[in-house]
Amino acid sequence: MKKSLFLLTLVGFLATQAYATPTKTRKTKAPKATMEQQLAKYISYPDALRPSQQAGVVVIQFRVNSENELCQLEVFSQNEQINNALLRQLTGKKLVGYASDATELHTVRLRFQPE
């Protein structure tokens, strides 16, 4: 009797599980923004380029510390005003998803377009 009651309970349990709907829906993560996209959100069109309305390209080198903050920033362009402006805008900013060894040097190329 105990054996048949156990089997009946087991069959009932398995039958209800076969038709059960999952309680958690699987969320898909949005694609991670690239390093260039994250940096582009922090900077604005440099004031030094506004009078001429010209496009420009700068190269930025930096390291990411354990708190995901940019450190040891260097900006390479032909215009010192642009370099200083970008250093001010990016100092202390954070990058999501790029915490790494502080010895790893990242190099990013950004293009400026007139607004």
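Buried means under 20% relative accessible area, exposed means over 50%, and partly exposed lies in between (1.4 Å probe, protein chains only). In a regular strand the side chains alternate between the two faces of the sheet. Strands here are DSSP runs of E with at least two residues, helices are runs of H or I with at least four, and both are numbered from the N terminus.

A word on the model before you go on. It is predicted, so local features need pLDDT of at least 70 and side-chain atom pairs count only at pLDDT 80 or more, while totals for chains, interfaces and linings use all residues. Residues are numbered from 1 along each chain as its sequence is written, and side-chain values use heavy atoms, with hydrogens and water left out.

**Stop 1: the strand pairs**

Strand 1 and strand 3 pair in the antiparallel sense over 7 bridges. Two strands pair if DSSP finds at least two bridges between them. Find Val57: its bridge partner in strand 3 is Arg111.

Select Gln61, and look across to Glu74 in strand 2, which stands opposite.

**Stop 2: two positive phi values**

Go to the loop between strand 1 and strand 2, and pick Asn68. The hairpin has 5 residues between the strands, and Asn68 takes a positive phi near 65 degrees. Most residues other than glycine have a negative phi. Asn68 is partly exposed, with a relative accessible area of 22%.

Next, pick Gln72 in strand 2. Its phi is also positive, near 50 degrees, and Gln72 is not a glycine. Is Gln72 buried or exposed? Gln72 is exposed, with a relative accessible area of 54%.

**Stop 3: Arg63**

The side chains of Arg63 and Gln72 are joined by a polar contact of 2.5 Å. A polar contact is a pair of N or O atoms within 3.5 Å; within protein, one must be able to donate a hydrogen and the other to accept it, and residues adjacent in sequence count only if both atoms are side-chain atoms.

Arg63 is buried yet has no salt bridge. A salt bridge needs a side-chain nitrogen of Lys or Arg within 4 Å of a carboxyl oxygen of Asp or Glu. Which side chain of opposite charge is nearest to Arg63? That is Glu74, 7.0 Å away. Lys and Arg count as positive, Asp and Glu as negative; His and the chain ends are not counted.

**Stop 4: the core**

Select Leu39, Val58, Ile60, Phe62, Leu70 and Leu95. Of the 19 residues in the largest nonpolar core, these touch the most other members. Such a core is a set of buried Ala, Val, Leu, Ile, Met, Phe, Trp, Tyr and Cys residues joined through side-chain atoms within 4.5 Å. Strand 1 gives the most to this core, with 4 residues.

Zoom in on Leu39, in helix 2. Leu39 is buried, with a relative accessible area of 0%. Leaving out residues up to four places away in sequence, Leu39 touches Phe62, Leu70, Leu90, Leu95, Val108 and Leu110. Contact means heavy atoms within 4.5 Å.

End at Leu95. Beyond its neighbours within four places in sequence, Leu95 is in contact with residues including Met35, Leu39, Phe62 and Asn68.
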